[in-house]
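Me: I've got a model open and I'd like a close look at one part of it. Could you take me through that part and how it sits in its surroundings?

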Amino acid sequence: MVFTQPFCSSPCSQHYNHLMTDHFLILIPADPYFVPLLEQAQIANDYLTSLLPDAELVIWNASETVEFVDCGDNFERILCPACGAEIAITDWQHMMDAAYASHFDDLSATVPCCGANGSLNDLHYEWPAGFARFTLEALNPNADLDDPHLLTLESILGCPIRKIWRSL
Ligand SMILES: [Zn+2]
């Protein structure tokens, strides 16, 4: 985004920064390792573009390795799916470091709260976040997707979808 006015110091910088926040609607397969076919990705991209005419950009990406798709400033906390306890960020970062040693090929982890084993992708991220090799995202869509549209996108891509809102 282009800065069209000089940055002003407090007290108005807060308002100014607020105006600069970008919102990304990011769709990822529920399965972190799933990548749709090129044709499926393009059809889904076109369909999402038609659903979100206000979006500044709609783009898909497929990467060689699994990446963590975060929710940016929307992050609040992470909960254990087994016992509901809040997971300390430092504990989560240790689990992330261990998983990143395999470039997220192996997302399995043991949570410190109750000792449950599972995937880092299945922790309860608030707001939602997740792991993916494929992303389909819209920049500043100025609208949300309703369930029928999400179901259609899942049908096009051939996989269940997780919806992530990232604010930066
Ligand atoms: Zn737990």
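What do the buried residues of helix 4 pack against?

Reply: Bear in mind that this is a predicted model. The buried residues of helix 4 pack against strand 1, helix 2 and strand 8.

Helix 4 covers residues 147-157. Its buried residues are Leu153, Ile156 and Leu157. Looking down the axis of helix 4, you'd find these buried residues within an arc of 90 degrees, so they line one face of the helix. Over on the other side of helix 4, Asp147, Pro148 and Ser155 are exposed. Just after helix 4 comes Gly158, with a positive phi of about 80 degrees.

Helix 4 packs on a sheet, where it touches strand 1 and strand 8, and its direction makes about 115 degrees with that of strand 8. The sheet is an open one of four strands, in the order 2-7-1-8, with antiparallel pairing. Strand 2 (57-69) and strand 8 (161-167) are at the edges; each has a single partner strand, so one side of each is left without a neighbour in the sheet. From one strand to the next, the twist averages 25 degrees.

Go through the pairings one by one. Strand 1 (residues 23-29) and strand 8 are antiparallel and share seven bridges; one place to look is Phe24, whose bridge partner in strand 8 is Arg166. Strand 1 also runs antiparallel to strand 7, with four bridges joining them, and here Leu27 has Leu136 of strand 7 as its bridge partner. Strand 7 in turn pairs with strand 2 over nine bridges, again in the antiparallel sense, and Ala62 stands opposite Phe134 in strand 7. Of the 10 residues of strand 7, eight are buried, so strand 7 is largely enclosed by the rest of the structure.

Next, the other helix in the picture. Helix 2 (residues 38-51) lies across strand 2 and strand 7 (130-139), and runs at about 135 degrees to strand 2. Leu157 is one of the buried residues of helix 4, whereas Ile43 counts as partly exposed because it has 15 C-beta neighbours inside 10 Å. Phe68 is in strand 2, and Phe68 and Ala132 are 64 residues apart in sequence but 6.5 Å apart in space, C-alpha to C-alpha. Phe68 has 17 C-beta neighbours inside 10 Å, so Phe68 counts as partly exposed too.

In soluble globular proteins, nonpolar side chains tend to be buried together. Here the largest nonpolar core has 32 residues, and those with the most contacts inside it are Ile26, Ile28, Leu48, Val69 and Phe131. Strand 1, helix 2, strand 2, strand 7 and helix 4 each supply at least two residues of this core. Leaving aside neighbours within four places in sequence, Ile28 is in contact with Val69, Gly130, Ala132, Phe134, Thr135, Ile161, Arg162 and Ile164.

The protein chain has four helices and eight strands, and from the N terminus on, the elements run α-β-α-β-β-α-β-β-β-β-α-β. Among contacts between residues at least 6 apart in sequence, 80% join residues at least 24 apart. Of the 168 residues of the protein chain, 24% count as buried.

Most residues other than glycine have a negative phi, and most peptide bonds are trans. A cis peptide bond joins Glu126 and Trp127, with omega about -5 degrees, and Trp127 is in the loop between strand 6 (124-126) and strand 7. His103, which is not a glycine, has a positive phi of about 55 degrees, and phi of Phe104 is also positive, near 65 degrees. The loop between helix 3 (89-100) and strand 4 (108-110) holds His103, and Phe104 is placed in the loop between helix 3 and strand 4 as well. His103 counts as exposed because it has 11 C-beta neighbours inside 10 Å, while Phe104 is buried, with 20 other C-beta atoms within 10 Å.

Conventions
Residues numbered from 1 in each chain as written. Predicted model: local features only at pLDDT ≥ 70, side-chain atom pairs only at ≥ 80, totals over all residues. Pairing = 2+ DSSP bridges. Axes fitted to C-alpha atoms, helices over the stretch in contact; angles between N-to-C directions. Contact = placed C-beta atoms within 7 Å. Buried ≥ 20, exposed ≤ 12 C-beta atoms within 10 Å, placed from the backbone. Arc of directions from axis to C-beta. Core = buried A, V, L, I, M, F, W, Y, C linked by C-beta atoms within 7 Å.
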